[in-house]
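Here's a quick briefing to read with the model open beside you.

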Amino acid sequence: MTKIIKDLKKEDYVKIGDAIQKGELVIFPTETVYGIGADATNEKAVDSIFLAKGRANDNPLIVHISNFDMMKDLTEKPNKMEQLLIDAFMPGPFTLILKKKKKIPDNVSAGLDTVGIRMPDNEIARNIIEYAKTPIAAPSANLSSRPSGTKIEDIKEEFDGKVSYIVDGGETKIGIESTVCKVIDGIPTILRPGKITPEDIKEVVGIVKLDEHIYKKADGKVESPGMKYKHYAPSCDTIMIYSENDTVFLEEMKKHLKEHTVIIGSKEHESYFPNNTYLSYGSKNHFDEISHNIFTLLRKADGLKPDLILIEGVKKEGLGIAIMNRLIRSCSYHYIEK
Ligand code: TXA
Ligand code: MG
C-alpha cells in the first residue's frame with residue numbers, strides 16, 4: 001500500500017526516514033523533478049528502484065545529500081575546481097560527478113568508478129534525507145523512457161502501489177532535471193544541461209564545455225550512460241521545428257500538419273493553428289515557464305493519441321539549451337531547424 005501525504009509534520013518525516021532505513025522506496029519532490037528514492041548505501045533497496053522504473057542497470061543513479069559531511073564517506077576529496085563548483089551551485093539544481101568510495105554500492109554507479117552527487121534546494125527533500133540519516137539514491141520519478149514526473153497526478157498513475165510513500169509537494173518549480181557536470185581534464189563538462197547554464201559555470205571557473213551528445217544521438221561509448229536511452233518520447237510520431245524567422249517557422253509547420261496533429265508551442269503562435277489542439281507552453285522567450293510546463297505537456301499530448309505531435313523549438317541559449325536537449329530527445333532526433 002502506498003501512502004500519499006502532504007504538509008508533512010515531524011512524525012511524518014520520522015516515519016518516512018524509518019521506511020528509507022528499512023530499504024523501502026519513497027517518492028519525494030525536489031526543486032527540479034520528483035525523485036524515487038532509496039537508501040543509497042543499501043544495494044537491495046537500490047535494486048528495487050531499477051525494478052520499479054524498468055530502468056536499464058547500466059544507467060547510474062544520482063545520490064542526494066542534505067549536508068556536506070555526508071559527502072566525505074561517499075566520494076574522494078574534490079579537487080580545487082570541483083570545490084568551486086560545489087560552493088557555487090550546491091544546494092541547487094546541479095549534480096557533480098566525482099570519484100566514488102566503496103560505501104556506494106556498484107549498482108548505484110552502474111559499475112563506474114564515479115558517482116553523481118546532488119544537494120537539492122528543496123526543504124522537503126533535504127528533511128527526508130536528514131531524517132533517513134543516509135544519502136538517498138534517486139532517479140527521476142517516471143517509468144523509464146517517459147517524461148520525468150513533475151506533477152503528483154502523473155506520479156500516482158505510474159507508481160501507486162509500487163512505493164511506500166508518495167510525498168505531494170505540488171508541481172516542481174523548475175520542471176526539468178539538474179545540470180549534470182563532470183570535470184574532465186580540468187574542464188567542467190556538461191553531460192546533461194539544466195537550470196545551471198554553461199554561462200553560470202563559466203562565470204565561476206572561467207571555462208566550460210558542452211558534451212558532444214547534448215543535441216546528437218549517442219551510440220558507442222558515452223560519458224553519461226543516460227544519453228543512450230530513449231527518453232521523454234510520446235508514443236506517436238513527433239517532430240520539432242525551429243526558426244528564428246516567424247514566417248519560415250509557420251510555413252514549415254504547415255507543411256507537416258496532419259488532421260489529428262497536436263501542437264506544443266508558444267502562446268504567440270497559438271492563433272495561427274485554429275483547427276488543431278494547441279498546447280501552449282507559455283511565452284516564447286520565457287524559458288523558466290517553458291521548462292516548468294514541458295514534461296506535463298508532452299504527457300498530455302501523448303494522452304490525446306494524435307497522429308502526430310509538432311513541437312515548436314526554442315533558441316539554444318541559457319536554459320533554452322536544456323529545454324532543447326529534452327525536446328530533441330522527445331522527438332527522437334526528428335528535428336528541423338530552418
Ligand atoms: O534533477 C535531477 O537530477 C533528478 C532529481 C530527482 O534529483 N534526478 C535525475 O536522475 O534526473 P536520473 O537518474 O533520472 O538522471 C541521472 C542522469 C542520467 O542521465 C545518468 O546517466 C547520469 O545522470 N549519471 C548518473 N551518474 C553518473 C555518472 N557517475 N557518470 C555519468 N553520468 C551519470
Ligand atoms: Mg530520469
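Which residues in helix H4 (residues 80-89) are buried? They are Met81, Glu82, Leu85, Ile86 and Phe89, where buried means under 20% relative accessible area, exposed over 50% and partly exposed in between, with a 1.4 Å probe and protein chains only. Before going on, keep in mind that this is a predicted model, in which local features need pLDDT of at least 70, side-chain atom pairs count only at pLDDT 80 or more, and totals for chains, interfaces and linings use all residues. As for bookkeeping, residues are numbered from 1 along each chain as its sequence is written, chains are lettered from A and ligands numbered from 1 in the order in which they are written, and side-chain values use heavy atoms, leaving out hydrogens and water.

- The buried residues of H4 pack against helix H3 (69-72), E5, E9, E10 and H7, with contact meaning heavy atoms within 4.5 Å.
- Helices (H or I, at least four residues) and strands (E, at least two) are DSSP runs, numbered from the N terminus.
- At the start of H4, a side-chain oxygen of Asn79 reaches to within 3.2 Å of the backbone nitrogen of Met81.
- That counts as a polar contact: a pair of N or O atoms within 3.5 Å, where within protein one must be able to donate a hydrogen and the other to accept it, and residues adjacent in sequence count only if both atoms are side-chain atoms.
- Helix H7 (residues 198-205) lies across strands E5 (94-99), E9 (179-184), E10 (187-192) and E11, and runs at about 160° to E10. Axes here are lines fitted to C-alpha atoms, for helices over the stretch in contact, and angles run from 0 to 180 degrees between N-to-C directions.

**The 11-stranded sheet**

- This open sheet has mixed pairing and the order E1-E8-E2-E3-E7-E4-E6-E5-E9-E10-E11; two strands pair if DSSP finds at least two bridges between them.
- At its edges sit E1 (3-6) and E11 (209-210), each pairing on one side only.
- Strand E8 (residues 165-168) is covered on both faces, with Tyr165 and Val167 buried on one side and Ile166 and Asp168 on the other.
- E8 runs parallel to E1, joined by 4 bridges, and Asp168 is the bridge partner of Lys6.
- E8 also pairs in the parallel sense with E2, over 2 bridges; here Ile27 partners Ile166.
- E2 (residues 26-28) and E3 (residues 35-39) pair in the antiparallel sense over 3 bridges, with Phe28 opposite Gly35.

**Strand E12**

- Strand E12 (residues 237-242) has 5 of its 6 residues buried, so it is largely enclosed by the rest of the structure.
- E12 runs parallel to E15 (residues 308-312), with 5 bridges between them, and parallel to E16 (residues 335-337), with 3 bridges.
- Ile241 has a bridge partner in each: Glu312 in E15 and Ile336 in E16.

**Around ligand 1**

- Of the 27 residues around ligand 1, Thr32, Asn59, His64, Ser178 and Gly226 come nearest; a residue is near if one of its heavy atoms lies within 4 Å.
- An oxygen atom of ligand 1 is 2.9 Å from an N or O atom in the Arg192 side chain.
- A polar side-chain atom of Ser224 lies 2.8 Å from a nitrogen atom of ligand 1.
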